[in-house]
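My notes follow in the order in which I went through them.

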Amino acid sequence: MIDAMDVRIEPADVTDLHQVLEDHARYWGERDLRALHVTALVQEFGSTCLVARADDGIRGYLFGFVTPDHTGYVHLIATRDDARGTGLGRDLYTAFIEAAGRQGAVRLKAITSVTNEGSIAFHRTLGFDARTVEDYDGPARPRVVFTRELRPTR
Ligand SMILES: CC(C)(COP(=O)(O)OP(=O)(O)OC[C@H]1O[C@@H](n2cnc3c(N)ncnc32)[C@H](O)[C@@H]1OP(=O)(O)O)[C@@H](O)C(=O)NCCC(=O)NCCS
């Protein structure tokens with residue numbers, strides 16, 4: 001049983017990126033999303049690229065950034081196979097909202113494939129609106145687009 005008390009959510013560095021790539025299947029299963037793990041994200045958007053660190057390694061991560069129009073965009077979020085359903089995905093989002101909010105984010109956005117039912121259920125639980133955009137990734141390449149407004153904290 002894993003212990004949420006021992007998890008620290010912190011900015012990611014390039015070593016973390018390489019570590020999650022080595023263990024890619026534990027976060028993504030059979031899907032190969034390695035090409036989306038871009039070094040520039042971690043190097044240039046370090047404070048909004050987060051890892052959940054524990055004694056037994058990286059239990060989950062969220063790589064995102066804030067766009068010039070104040071959208072906190074989540075490029076990748078995954079929790080390790082033994083850490084699912086423990087609230088870690090929610091905690092990563094909470095930490096991202098804090099970090100993105102400090103940079104002026106007023107809304108969140110994320111994308112997933114139309115077949116990723118787990119991600120759709122997870123994002124809906126977190127209060128996102130989910131809609132399918134037919135040509136999001138080009139002709140006949142639909143994606144589910146998640147959006148959520150952020151309430152001002154002050
Ligand atoms: C999607 C993912 C990040 C969720 O992480 P998680 O740590 O399991 O999520 P949490 O435990 O924080 O769950 C938060 C809420 O979402 C719900 N939820 C999470 N995954 C769910 C699923 N597959 N089906 C239904 N509900 C789900 C939980 O029940 C929980 O609800 P509650 O707070 O009301 O109890 C994780 O399943 C994952 O890494 N999947 C593989 C990678 C992936 O597809 N990432 C998304 C790409 S966009």
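I take contact to mean heavy atoms within 4.5 Å. The model is a predicted one, in which local features need pLDDT of at least 70 and side-chain atom pairs count only at pLDDT 80 or more, while totals for chains, interfaces and linings use all residues. Residues are numbered from 1 along each chain as its sequence is written, and side-chain values use heavy atoms, with hydrogens and water left out.

**Entry 1: His 24**

I looked up His 24 and found its place in helix H2, where helices (H or I, at least four residues) and strands (E, at least two) are DSSP runs numbered from the N terminus. His 24 counts as buried because its relative accessibility is 8%; buried means under 20% relative accessible area, exposed over 50%, and partly exposed in between, with a 1.4 Å probe and protein chains only. Leaving aside neighbours within four places in sequence, I find His 24 in contact with Gly 29, Arg 31, Asp 32, Leu 33, Arg 34 and His 37.

**Entry 2: helix H1**

Which residues of helix H1 (residues 14-22) are buried? I noted Asp 16, Leu 17 and Val 20. Seen down the axis of H1, these buried residues fall within an arc of 105°, so they line one face of the helix; the arc is that of the directions from the helix axis to the C-beta atoms. An α-helix has 3.6 residues a turn, so residues three or four places apart point the same way. On the other side of H1, I see Thr 15 and Glu 22 exposed.

The buried residues of H1 pack against strand E1 (8-11), helix H2 (24-28), helix H3 (39-44), strand E2 (49-54) and strand E3 (57-66). Asp 16, which lies in H1, counts as buried because its relative accessibility is 3%. Not counting residues up to four places away in sequence, Asp 16 touches Pro 11, Val 51, Arg 53 and Ile 58. At the start of H1, I also noted that a side-chain oxygen of Asp 13 reaches to within 3.1 Å of the backbone nitrogen of Thr 15.

**Entry 3: Phe 63**

I turned to Phe 63, whose place is in strand E3 and which counts as buried because its relative accessibility is 0%. Leaving aside neighbours within four places in sequence, Phe 63 is in contact with several residues, among them Ala 12, Leu 17, Val 42, Cys 49, Tyr 73 and Leu 76. His 37 is also in contact with Phe 63, and the two are 26 residues apart in sequence and 8.6 Å apart in space, C-alpha to C-alpha.

**Entry 4: helix H5**

In helix H5 (117-125), I found Ser 119, Ile 120 and His 123 buried. Seen down the axis of H5, these buried residues fall within an arc of 100°, so they line one face of the helix. They pack against E4, H4, E5 and strand E7 (143-149). The face turned away from the buried side of H5 carries the exposed residues Glu 117 and Thr 125.

Glu 117 is exposed because its relative accessible area is 63%. Glu 117 and Tyr 61 are 56 residues apart in sequence and 19 Å apart in space, C-alpha to C-alpha. After H5 comes Gly 127, whose phi is positive, near 95°.

**Entry 5: positive phi elsewhere**

Most residues other than glycine have a negative phi, and most peptide bonds are trans. I noted His 70, with a positive phi near 70° in a residue other than glycine; His 70 lies in the loop between E3 and E4 and is partly exposed, with a relative accessible area of 38%. Ala 140 has a positive phi of about 60° although it is not a glycine. The place of Ala 140 is in the loop between strand E6 (129-133) and E7, and I find Ala 140 exposed, with a relative accessible area of 70%.

How values were computed:
A polar contact is a pair of N or O atoms within 3.5 Å; within protein, one must be able to donate a hydrogen and the other to accept it, and residues adjacent in sequence count only if both atoms are side-chain atoms.
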